[in-house]
Amino acid sequence: LCSPLHSLICLLVVFVVLVSICACVGEMESNTDCGEMAQPSGSKKRGHLRSCFLLVLVLETLLPCAEGSTSSSICSLVQMGADRQANHEMSGAVLETWGRDALFFAGDSSDEAPYDSFGTFLDAKGEAVADLLHGCQWLLLVPKLSTYISLSSLHLAVAAAAQLPISQRLTTARQSPCLIKADLLKSCHERGEHFRDCLATACPSLSGVPPSEGQPEHITVEGSIVRNGWAGLATRDPGKCVLAVLEVQGWVHMHQIHDSLADVSGDCRSLLLPHSRSLEGPICFVVPILPPPSATSADLESLVGFVEAAVASWASPTSDATDEGGGFSSSNSSGTLFLLPHPDQSPAGLHAKMLSTGALVEHLPIIVESQFTPSEGIDVVFRAMHVWARALELAQEAGPSCKWVAKVDVTTYCNRDMLKQRLGCLDASDDFFLGATTAAYSAGLDPYMFPSEKSATILSRGYFRRARVWARSCAAQFVKEDPPPGAEGFFDDYAFALCLSDLGGVEASNYADIDSSFIMSDRPDQTIQDFWTHPDTVKQCLLTVARLPSPEAMVAVHKKVEWSMWHQSIPCIGETQQGFYSMTDQFGNKKPYYDERIRLAMYYCKSGEMLELERELSARLDGVDPRSGLGSLKEAPSSIPPSADNLKPERRPLCIFVPSSARKRHFVEAAEAAWRTWGTADTFFVSTTKLSPVLDNNTLVLDLDIDTDYAHLPVRTFRLFEALGSREEWVDRCDWYMKADADSFLNIPLILERLKCFNPDELWFLGVPQVAHSSGGSMTRFASGGAGYFLSRAVLPKVAAWAPFCLLQLLQHTGGTGMEDVSFAGCLWKWGRVGVVSYVDETEVITSEASHNRTRVKEEIAPDELPPMPPCSFVVHSVEATEMDLVKRNVKMAESRAFGVGSKPQCLPDAERLRAGHATLMAPEEGVPNAAVEEHQWLIYNDREFAALMACRDAHAAS
């Protein structure tokens, strides 16, 4: 990290050290021989030895400094903006932190051409540039003053790379810092060339000039760049390398970032090693960008806009290309390749515009005009064959990492995570030709199925070599004919499918449900409308969305799909995967919806533990009627509030069961916080093992329990209630059985008081009702699992009888995944017509982000401040373990303010709200599928619960 002056000092010190050592050794040789050096006699000899050892230590310390000064010296040039005050503050922060030797200049580069001002500045300096570059191996161009550079990490990375390309861009962002070899600029200066032209040569993809033949293109190290300043760095794994932090907000954050990166973060030495540009899987996406040579500038801007949107969303260069060591990746390896025409057959400026996006770009071979007629149809067919031949060639070159090739239209959004999950169920070494199939009809011929051009067309690795040969053969042999009217948009996909069919006998197959996995329309506005009306929770299940109207729409779709993924237990299983389905067209042609190989592969695409459980349940339940024995349906008694006379003395009023796990420390911490703040002697933490000494006395270890991940929570819930309702030690031992989450705060006194409104001898399923929508239009009313739900002692044995059947069905349909609360509510409704009942109104629970913000329940509230919370809060969800004490304090403060310190809260059902709820019908909006179905319409309070709650209120009022 030494400057040239430091290097000179280092060399002088080394010279003095060497002379001193020689004198030292000479002196020692005159007084003793080699055998006596280990134990010299006399203080003079001991002093010589100490001096020698100290000098050697100094030498070892300074040599790396001298070596570093000649191996990876980096000089920094930082562009300032137009705000003088901000320039003063931020340049001072840069000088005081990472850039003590940085040189600043005022530039006016645009976002489109961020490096133009650098060339202009260097040209204006003229001969002084030689002094600027003296001692520099690299020049670091920093277009934004709001950038922090970890120079120590960058030096390590540069020094570790034996040979680097002429430029090194740190990220695909247009305002990215860029390293340029100083020798290149020095040689430009010696030749009298303009530095602006030199920069165009050094950073071809930034300047819009294609690289010359044989010249290595720039590479990026996106994985080592932190965006969003201090906020982005604070959430980053401290073990990962950081080269730069972008978008730093102010000089204070610049210092905070510098202090946090005082030590080199992570191993940065392998980041800048040259890589070859290649595809990397497991799914290698190919996006043809094939405008005609006559395409207008507006046409190109539209295409490039979609490419930028794709790179910013689903086709990010680092989405799939991550290494095993730390997750860092060069954009030279990418899961998505954009295929352009040969440069000689491309519109002017296409190549440069594409490179500016940071996308991985390749070209088709040149198409000789004699190979096709001017007919548009022949051009489409011939080009389609070359696209696939080139794509498969690149996939084969990528090696075994490329398991699938998916051709995608540039206006299509791909949910690559869900595609990887779905294709992961299939063996890529087998032969698969997949897509969302559609049919083409020709006179006198059977309907021909081929993948829709609006979705991805997918080939497995088993077909790569043969399909490449077939595509080339078809390009040479296909009969030249124009596409039929109306077929122009899909004729290339149709032609390729026909090629595989003619030469290989290959048929396209469905691999996902057409309704729940794809949104496709020829009209882009219709596509985006269909997307927004698709249920939010299952947007994550969409594989593709096409055609989209604009790049902005693609980014919006990506953000919404990512947001949908917060709920990890959504089973992305379409209706067609839950039985034997077939397709029938308007002419009566019929065929199975799935190839049998695909149907079986998807069915068995589940964990081994779940498969074994499915086999065990299948054998145990064979021939058993769910509604026999304990599961039989009997008329429930009339609604009569329980009296003290019919309560057994040993029966507990409320038993609470909290599924827990020792797999992660924060699971145990959540359970401990729940026990500390609201736990009772009748609260049991259900686990497969002991959790902690604090919870030992209240940990319930059940032999039926399975410690699952979040997606398989329904399995735990069904097993829990099967055990509770079939074991003598639990049946009829509690009036109410509650399933609660450890990240919820429960106001136990209020809950116990409200439960007295309901008779536990009746079939009750109490909770906070919500509605779940499926992609097919069906709806389920369920009790929120986060808010907790209750079973009466009368219904528990029946649930225990139904639970194994519901679990078996879930395992058969989804492999055990699903929304736990939705699955449980559906089970009770299916076998017993027991629906969820609201025991509170919406003002008495705090279970949404809006209610958290409105009540400030998780914020510090001053003692003299009026808390904006309701006086009666039964449940708060979700709450971190570190927030639980604060939430409890705020809830109790609101009670004290309303009812007086030490007084019992009078939280009676509100008569006005009950009457309003009894008169309010909840129904889907018009236009929603099945909106008119009676089963999808509910009163907030039905007659039964309305009568129970009103009677309870009247009884309290009378007393």
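Predicted model: local features only at pLDDT ≥ 70, side-chain atom pairs only at ≥ 80, totals over all residues.
Strand 8 covers residues 244-245, and its pairing with strand 4 is antiparallel, over 2 bridges. I looked up Tyr148 and found Val245 in strand 8 as its bridge partner.

I noted an open sheet of 3 strands in the order 4-8-7, with mixed pairing. Strand 4 (148-149) and strand 7 (225-226) are the edges; each has a single partner strand, so one side of each lacks a neighbour in the sheet.

I then turned to Thr411. I located Thr411 in the loop that runs between strand 14 (404-407) and strand 15 (413-414). Setting aside neighbours within four places in sequence, I listed Phe306, Val545, Ala546, Arg547, Leu548 and Met554 as the contacts of Thr411.

Last, I took down totals for the protein. I recorded 31 helices and 37 strands. The protein has 959 residues, and 51% of them count as buried. Its accessible surface comes to about 43,900 Å², and carbon and sulfur atoms hold 53% of that. I also checked contacts between residues at least 6 apart in sequence: 75% of these join residues at least 24 apart.

Notes: Residues numbered from 1 in each chain as written. Heavy atoms only, no water. Pairing = 2+ DSSP bridges. Helix = DSSP H or I, 4+ residues; strand = E, 2+ residues; numbered from the N terminus. Contact = heavy atoms within 4.5 Å. Buried < 20%, exposed > 50% of the residue type's maximum accessible area, 1.4 Å probe, protein only. Areas by Shrake-Rupley, 256 points an atom, 1.4 Å probe, with all protein chains shown as cover.
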